[in-house]
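Dear colleague,

Below is the structure I said I would pass on.

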Amino acid sequence: TPRDLDVVATLLRTLPPLADVRALALSGNGFADAGASALADAGAHGALAALERLFLDNVGLADGGLAELAAALAGGAMPRIHFVDLTRNGIGDGGVAALADAIRGGALPQLQTLYLYNNRVGSAGLAALVDALCASGCRLEKLYVDNNQVGEAGVAALVRAVEGGHLRSLRSLHLSGNPAPADLVQAAVQAVEGQAAGDAPRKRPAPQTRDIEAPPVD
């Protein structure tokens with residue numbers, strides 16, 4: 001519960017042994033934005049400085065909570081994170097835009113994997129994220145945006161960035177289950193696959209399938 005998270009946040013701020021925590025799995029806890037606020041407060045006070053993997057899937061997180069967490073990250077909290085799971089929440093364009101602003105400002109410099117599938121992210125949110133990734137030193141390798149509300153404009157922004165050589169680190173892209181045209185989604189996936197293979201020609205694999213209820217694997 002949010003009250004429990006307040007207690008956890010206090011412990012994280014005050015117990016020295018917890019400063020060495022590398023992975024924090026809060027999956028399935030319905031603490032919503034209030035819990036995310038407590039977590040952000042802990043991070044802003046220097047807790048979790050060694051954290052590398054953060055699991056906030058299916059916790060009831062919405063734009064407000066993600067914006068608070070993003071603000072803490074923008075202030076230098078949790079700089080070693082390379083894996084973030086935000087799946088199965090209620091995050092929309094506002095939350096992703098806040099995260100993008102933080103990344104653009106230098107937050108999450110080691111981020112490699114970002115799970116955002118099963119949310120409410122639209123074209124504006126994805127475009128903001130793509131712009132931030134292009135402008136920052138972040139070297140994201142895996143991006144999962146399945147089953148959101150991304151339309152043609154969002155996928156087109158991603159394709160332009162990849163084909164323009166601005167997202168050279170990206171190696172894996174999942175965009176299925178969005179309302180964007182299927183041929184454009186395929187073009188985005190193929191562009192990423194092409195650069196992952198060093199731009200060498202290769203046979204197109206079978207269409208993506210994904211068990212969205214399976215636990216994420218980095």
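**Helix packing**

In this predicted model, helix α5 (residues 123-135) packs against helix α6 (residues 152-163) at an angle of about 15 degrees, and their axes are 7 Å apart. Angles under 35 degrees count as roughly parallel, so α5 and α6 are roughly parallel to each other. The crossing of α5 past α6 is left-handed. On the α5 side, the contact is made by Ser123, Leu126, Ala127, Val130 and Cys134. These meet Glu152, Ala153, Gly154, Val155, Ala157, Leu158 and Ala161 of α6.

α6 also packs against helix α7 (residues 182-196), here at an angle of about 20 degrees and with the axes 9 Å apart. That angle makes α6 roughly parallel to α7 as well. This crossing, too, is left-handed. From α6, the residues involved are Glu152, Val155, Ala156, Val159, Val162 and Glu163. Their counterparts in α7 are Leu184, Val185, Ala187, Ala188, Ala191, Val192 and Gln195.

**Overall layout**

The chain has seven helices and six strands. Starting at the N terminus, the elements follow the order α-β-α-β-α-β-α-β-α-β-α-β-α. Of its 218 residues, 50% count as buried. Taking contacts between residues at least 6 apart in sequence, 88% join residues at least 24 apart.

**The sheet**

The six strands form an open sheet in the order β1-β2-β3-β4-β5-β6, and the pairing is parallel. At its edges are β1 (23-25) and β6 (172-174), each of which pairs on one side only. From one strand to the next, the twist averages 5 degrees.

Strands of a sheet pair through backbone hydrogen bonds, either parallel or antiparallel. As an example from this sheet, β3 (residues 83-85) and β4 (residues 113-115) run parallel and are joined by three bridges. Aspartate 85 has tyrosine 115 in β4 as its bridge partner.

**Helix α2**

Helix α2 covers residues 32-44, which is 13 residues. From its first C-alpha to its last the helix reaches 19 Å, close to the 18 Å expected at 1.5 Å a residue. Buried residues in α2 are Gly35, Ala36, Ala38, Leu39, Ala40, Ala42 and Gly43. After α2 comes glycine 46, with a positive phi near 95 degrees.

Most residues other than glycine have a negative phi, and most peptide bonds are trans.

Leucine 108 has a positive phi, near 50 degrees, and is not a glycine. This leucine lies in the loop between α4 (93-104) and β4. Buried means under 20% relative accessible area, so leucine 108, at 3% relative accessibility, counts as buried.

Asparagine 147, also not a glycine, has a positive phi of about 55 degrees. Its place is in the loop between β5 (142-144) and α6. Is asparagine 147 buried or partly exposed? With a relative accessible area of 27%, asparagine 147 is partly exposed.

Regards

Key
Residues numbered from 1 in each chain as written. Predicted model: local features only at pLDDT ≥ 70, side-chain atom pairs only at ≥ 80, totals over all residues. Heavy atoms only, no water. Pairing = 2+ DSSP bridges. Helix = DSSP H or I, 4+ residues; strand = E, 2+ residues; numbered from the N terminus. Axes fitted to C-alpha atoms, helices over the stretch in contact; angles between N-to-C directions. Expected span 1.5 Å × (residues − 1). Buried < 20%, exposed > 50% of the residue type's maximum accessible area, 1.4 Å probe, protein only. Parallel < 35°, antiparallel > 145°, perpendicular 65-115°, else oblique. Left-handed = near helix turned anticlockwise from the far one by under 90°. Contact = heavy atoms within 4.5 Å.
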